[in-house]
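Here is a short briefing to read alongside the structure. It takes up two ligand sites and one chain interface in turn.

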Amino acid sequence: MNSKQQNPLKKILAIRGMGAALTAFVGLVIIYIAFGLINPAVFSGQNILNLLRSMSKYLLIGIAQSYVLITGNIDLSIGSMVGMSAMIAATLMTGGMSPILAILIALLSCLVIGIINGYLVGKFKLPPFIATLGTMFVARGIAYMVNGNRNTDAIATGVGKETADKFQNFFYYGKTIGVYNTFWLAIIVFIIFFFVLSKTRTGRHIYAIGSNVDAAKLSGVNVVATTIKTYLISAVCSCLVGLILCAQAGMGNMEAGNMYEMYGVAAGVIGGVSPLGGTGILLGTLAGSAVWQTLENGLNMIGAQVGIQRVVIGVIVVVAVLLDVVVRSGQFGKRKNK
Amino acid sequence: MNSKQQNPLKKILAIRGMGAALTAFVGLVIIYIAFGLINPAVFSGQNILNLLRSMSKYLLIGIAQSYVLITGNIDLSIGSMVGMSAMIAATLMTGGMSPILAILIALLSCLVIGIINGYLVGKFKLPPFIATLGTMFVARGIAYMVNGNRNTDAIATGVGKETADKFQNFFYYGKTIGVYNTFWLAIIVFIIFFFVLSKTRTGRHIYAIGSNVDAAKLSGVNVVATTIKTYLISAVCSCLVGLILCAQAGMGNMEAGNMYEMYGVAAGVIGGVSPLGGTGILLGTLAGSAVWQTLENGLNMIGAQVGIQRVVIGVIVVVAVLLDVVVRSGQFGKRKNK
Amino acid sequence: MNEVIVSMNNISKTFPGVKALDNVHFELHSGEVMALLGENGAGKSTLMKILSGVYTRDGGTMEIFGKSYDDLTPKQAQEAGVAIIHQELNMCKHLSVAENMFLGREMIGKGVLDNRKMRQEAKKVLNELKININPDQTVGDLPVSKQQMVEIAKALSIHARILIMDEPTSALTAREIEDLFRIIRDLKAQGCGIVYISHRLEELAQIVDRVTIMRDGQYITDGNFKDMTMDQIITNMVGREIKEKFPRVTCTKGKKVFEVKNLNAGRMVRDINFSLYEGEIVGFAGLMGAGRTETTRAIFGVDPKESGEIYLDGQKIEIHNPMDAIKNGVVLAPEDRKKDGLCTKLSIRQNLALPNLDVICNKLGVIRKPKEDELCEEAVRNLRIKTPNVEIDSGNLSGGNQQKVVVGKWLARNSRVVIFDEPTRGIDVGAKVEIYNLMNDLKKQGIAVMFVSSEMPEVMGIADRIIVMCDGRITGELMANEATQNQILTMATAFEKKKNVG
Amino acid sequence: ADEVKATGDEKIALITMDSIDQHWISLNEGAQEEAKELGVTVDFMSPNTKDDAQQIECVNNAVAGGYDAIMVAANGPDAISSALQEASDAGVKIVYVDSPANVDAAATFSTDNKAAGKTAGEEMIKTLKDAGVTSGKIGIINVNAATDSCVNREEGFRSAFDGTDFELMETQYGEGDAAKSQSIAENYITQGVVGIFGCNEGSTTGAGNAIKASGNDAIVGVGFDKSDAILNLIDDGYLHATMAQNPDVMGKEGVKAAVQAINGEDLGGEVTDTGVSVLTKDSAAE
Ligand SMILES: Nc1ncnc2c1ncn2[C@@H]1O[C@H](COP(=O)(O)OP(=O)(O)OP(=O)(O)O)[C@@H](O)[C@H]1O
Ligand SMILES: Nc1ncnc2c1ncn2[C@@H]1O[C@H](COP(=O)(O)OP(=O)(O)OP(=O)(O)O)[C@@H](O)[C@H]1O
Ligand SMILES: [Mg+2]
Ligand SMILES: [Mg+2]
């Protein structure tokens, strides 16, 4: 009862989901060092900067997917929203619209997809896998359609070189305090949503829905509104990633963000977010996205071929969850099977 | 109570899942006619033959995914197994191995993936989405690796033109009674698995697991074995599709079968297979795969562009399930949620 | 007759963090009904799951019909003649009655499932039990009590010689309970051994021959039922004496707090009118399926209302969803705690805080930790929830303690009306008294209490006024001090004639 | 070729590798322009993504749809051949654009990808030599290992380096996705490459952007295909050169040949190299 006298380390470890998150961090360090031993360039300052920048998009996607996963749902439309926001922003800027307005419109359209997802899943009770499979096709279709089924020209052709540079620097090429802006952007978003999930009423409601939606409803949780909120958060993060990819390429690519929804699942799950809902913390997602990016970067840096890269990634996803299940087995009074 | 005197039509309609299947068939007819009115070539005999041939692969994939979905699980590795079996068979034949042996080895390797899926999900209780996401990466990686990260040459270069032709005709180009072999192959597989699901003990157990896995286990159903069986069936069907694609191309393509797992979900779900487990019949999957193929074919024939194609497909997926949910809402006295 | 058919010795079983069974000893004879009694979490279900092959034991020996068994699967247990009706419903809702009854031992003819034969066989068993259910009916469409009967029929259709019933009556109607007891007597006469687990101690006299009592995972005693008094049994179960099974406090009836007028919501809530006053507990009696749960849900805004008005302290209020209800100070502790009451994957803290976040959080919706701590500590203290700390998963608590958390969620706020739906279902005598005391506290504070229960003695023992429902309608109202069981039963079975036609 | 005559009833299906790359869109534009001129119908019915199975379905659809000729850019030369053979047996004329398959066709209008790749390699070596660099690592970004034309470009590119002191690194695949390709290029740069080769539009854009991001324009970027983004990168000095093909010419000539074939002319299966031009800052400025 006298929880105040507990030793602070023990207290941190007692936070639900912290164990899995720390495991992922340990795994991250091991993987990173292993790659570095094979190719020391992995340890170079520039590579670390690149790593931080590249992992930012997986972190954002991971946050998006984690929010949805914790409620026990899934968002398959994330990758398509990334593509859609990149294409919409780029098309508008290529047409000469100011970046800020273009960003707002891209955001708005992602929010529309998010609202649709939220209503289909929260209100109409469609299985989230199917509902968001549908919007995944729709959003990707829109990404194709906005510029007439072709990638856009360089945004500089529309807004001029200077504005284009500003936009691109803001989201991708520029640095602040020696680290790329992309990373700061992702970290700010991370801190905000970390706080929302762990310290606010909405966060509690999200966990409650993921654990037992009926009990949550009878406790006065607005399930529909909360579900919609998670899909909106997913949409916002996806939109940001779309803008990052748009800034990176300086143009809109229709296939941008392909498969990102799966990377988001992987980042979350490696970090201990349960796809069954109710458990997981964003610190885990942070570790998971770093693991994912380090794998991608490291395999690339050591010159591994595509085939073996995929095999390694697949094995790590399975092993991460297997470990988690084995370690936690017996918890939640799950019946053991002989 | 006197069920024997019932009118036969009523009896058929009373079969669980029949309603959704018939709805899908009606939808199919409407879609087909709509396309035909826009482009009469849709009605041509050759196009019907093509349709039957092309839908065969979706039917097989649909059967694979339906078996797994009915147990309440999912198999994301289907598309990768397709690619893997195509690449393995093609690589071996290009190396001069006889098609029969090559087919057997391709089958064997798919079965290995299937067993792994089955164990991870059935025995170790990994969430199926994650377990099969892992094997999806692994199997695709293997597809890349078997021929050293490149597509194979034409299989004729290995086994000779005559044998290659035989293989290709058997699976794709040849006809029997005026219809392509691919279709007959798929129909035979369909009949077998239709029978297994509706008339055998294994089938009954599959439904039971999907409906309530604890109850099934307490009734003495071997949940692990049954789960493994469904993943093995999924592997067999995926392997067949890989062979069909290999025969179609006369070579092995590393990316073959990409996204097919999702098409399988779509075919099943459009036909009324619930992704929550416990319901659905293969007749529905048959209708669903025909709908999917007709959409793909029709949109192509009327010259629709990529973007609009995806939007239409996405909308149809959502609407199909939405209809189903609306029609069935209130079943099982599910307390309606406002 | 009367030889030992089950003999379990020194059985131990540990779950992570819990020693569920500690050297337990259990014996069953043929031709007897053995009551297995104990508080929540005493280990009754665990012991029986070991006997029926669901769990493997960590230590001890087990003989069935003189043959000793090491590890046992559910299937092997069945083959050894053991059938079990589990505490929780275990039905595949998508499958038909016949399909469920023969699940795992399907009949095969000509290489394929012989559905016709299974249907006939199912029909036969159901008829023997006088259960009027079509074997082709999908189980999910049946009311819970019928599902429970199917479960019983399924166990019986195995023709087992050892039948374990883990709280079989907790979801049955009075008539169905009568049928069940008749069947139990028949089986006993045929020489079957029956293990009967129940928290409804008043049932025992009708069928039980011997009792075995457990406490905290340990064997306490056994003996002939006739040779023990109820007080002895209770003392052995709880480990202390319980003075009053139904502690009643008297208050003066105050002003009207809550009124429901002409409420209609679906088939099971027809034209409901009643009022609740300060200083009284109003019991809602009736058979299973009388529509009491639906009434509470409609009031609380979980299910949509077709019509009707609700007044609180004379003001008309609108309740469209639970949020509205809570805002107005009307709260519900639901009947099914696993399904509706608890987020089992979350901690006790999170569960207790969930409906009170509006109070705990500041204006920006940020949780104020000290306030939350305070609320949790108070709830744990007031309700005497047995737990090392509030960070434990609520799903790991015993049933009684889970129920206390469900109730505790609502006691931290200033409510005007508290609705309890079967708050004592499946919890032991000791915990029951604690819940009664809680209701009494609320009553003393002038809060209106609505108390739904299917156990006649507790309604009569605790409530001041009793409203009886049948088939979705209120069929009568009685003052508790002048009510008799018979009066209540008559009202509870006052079905309209037209109902029986369809 | 100006004596081509059409009756106006000719129906031609144009099946490229996918329907979204700038390259195929330009090819289609060239084809449509010529179709208008001749008064014939050309329907663009390409797969959504580069996928053999989908492309074969498109060929099947074209046969079922009653087209007289198919202009096709084969994704995999072996893969599509059986389907084309069926089409040919059914009397449909075949014309290859960009990438041929193994079935005899009326005519072929293509880039010799291997030769073009070699040109790119030589261009890179020359530029590096001019800057005084004769050794170092070279990174290669390809689409995937399945798209034949790009694989050929890579092969040609590698062959240009035979006998030099440069070290060609393991090829990495970016799926033609600019962002993914850029990450790959950034990794190459971290490892100290002196040159990067992009095998198609997306790969090249990614390479250019990575060089731009690194701020080290001493790295020589050479690529394939022409787009605004690539031209801008060349203009800003982040890419040195790109191999521009002439897809519109392929489209135009392809339609002409198809109409001739439909009307019974024997073109003898002639292969025409529509050539590549090396675009650099200087040549693009013209
Ligand atoms: N699967 C499980 N995992 C972890 N602990 C368990 C599990 N099953 C039971 N327990 C624990 O074992 C103890 C005994 O539980 P059991 O269900 O046997 O009690 P019971 O006597 O049947 O109680 P009740 O009357 O509430 O049904 C309890 O403390 C319970 O929390
Ligand atoms: N989960 C459910 N699914 C379908 N129908 C249900 C469900 N729960 C209750 N019902 C139906 O609603 C009716 C009344 O429900 P219920 O049995 O809960 O009544 P009650 O009067 O509240 O009884 P009790 O509180 O004793 O359980 C029953 O006829 C039953 O068929
Ligand atoms: Mg129990
Ligand atoms: Mg009730």
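How far is an oxygen atom of ligand 1 from an N or O atom in the side chain of C:Gln87? The separation is 2.5 Å for C:Thr46, and for C:Gln87 it is 2.7 Å. Please keep in mind that this is a predicted model. Both ligands sit where chains meet: residues from chains A and C surround ligand 1, while ligand 2 lies between chains B and C.

- The side chain of C:Thr46 brings an N or O atom to 2.5 Å from an oxygen atom of ligand 1.
- On its own, ligand 1 has 630 Å² of accessible area, and the protein covers 83% of it.

- Strand S2 (18-29) and helix H1 (44-51), both of chain C, are the elements that give two or more residues to the shell around ligand 1.
- H1(C) provides the largest share of this shell, with three residues.
- There are 16 residues around ligand 1, and those that come nearest are C:Asn40, C:Ser45, C:Thr46, C:Gln87 and C:His199.
- Sorted by class, the shell around ligand 1 holds nine polar, five nonpolar and two charged residues.
- The site of ligand 1 is shared between chains, because the residues that surround the ligand come from chains A and C.

**Ligand 2: polar contacts and cover**

- C:Thr293 takes part through its backbone, with an N or O atom 2.4 Å from an oxygen atom of ligand 2.
- C:Ser454 places a polar side-chain atom 2.7 Å from an oxygen atom of ligand 2.
- For C:Glu335, a polar side-chain atom lies 2.9 Å from an oxygen atom of ligand 2.
- The protein buries 80% of the 600 Å² that ligand 2 exposes when taken alone.

- Of the 18 residues around ligand 2, the ones that come nearest are C:Gly291, C:Arg292, C:Thr293, C:Glu294 and C:Ser454.
- Helix H9 of chain C (residues 292-300) gives the largest share of the shell around ligand 2, three residues.
- Seven charged, six nonpolar and five polar residues make up the shell around ligand 2.

**The interface of chain A and chain B**

- Chain A puts 49 residues into the contact and chain B puts in 50.
- Together the two chains bury about 4200 Å², and 82% of that is on carbon and sulfur atoms.
- Three residues, A:Ile130, A:Phe137 and A:Arg310, account for 15% of the area that chain A buries against chain B, more than any other three residues.
- Four residue pairs are found in polar contact across the interface of chain A and chain B, with both residues at pLDDT 80 or more.
- On the side of chain A that touches chain B, at least two residues each come from helix H5 (99-123), helix H6 (128-145), helix H13 (260-270) and helix H15 (306-328) of chain A.
- H6(A) supplies the largest share of that side, 14 residues.
- By class, the side of chain A that touches chain B has 33 nonpolar, eight polar and eight charged residues.

Note on methods
Residues are numbered from 1 along each chain as its sequence is written. Chains are lettered from A and ligands numbered from 1 in the order in which they are written. This is a predicted model: local features need pLDDT of at least 70, side-chain atom pairs count only at pLDDT 80 or more; totals for chains, interfaces and linings use all residues. Side-chain values use heavy atoms; hydrogens and water are left out. A residue is near a molecule or strand if one of its heavy atoms lies within 4 Å of it. A polar contact is a pair of N or O atoms within 3.5 Å; within protein, one must be able to donate a hydrogen and the other to accept it, and residues adjacent in sequence count only if both atoms are side-chain atoms. Accessible areas come from the Shrake-Rupley method with a 1.4 Å probe; for residues, only the protein chains shown count as cover. Helices (H or I, at least four residues) and strands (E, at least two) are DSSP runs, numbered from the N terminus. Ala, Val, Leu, Ile, Met, Phe, Trp, Tyr, Cys and Pro count as nonpolar, Asp, Glu, Lys and Arg as charged, and the others, Gly among them, as polar. Contact means heavy atoms within 4.5 Å. Buried area is the accessible area (1.4 Å probe) that two parts lose on being put together, summed over both.
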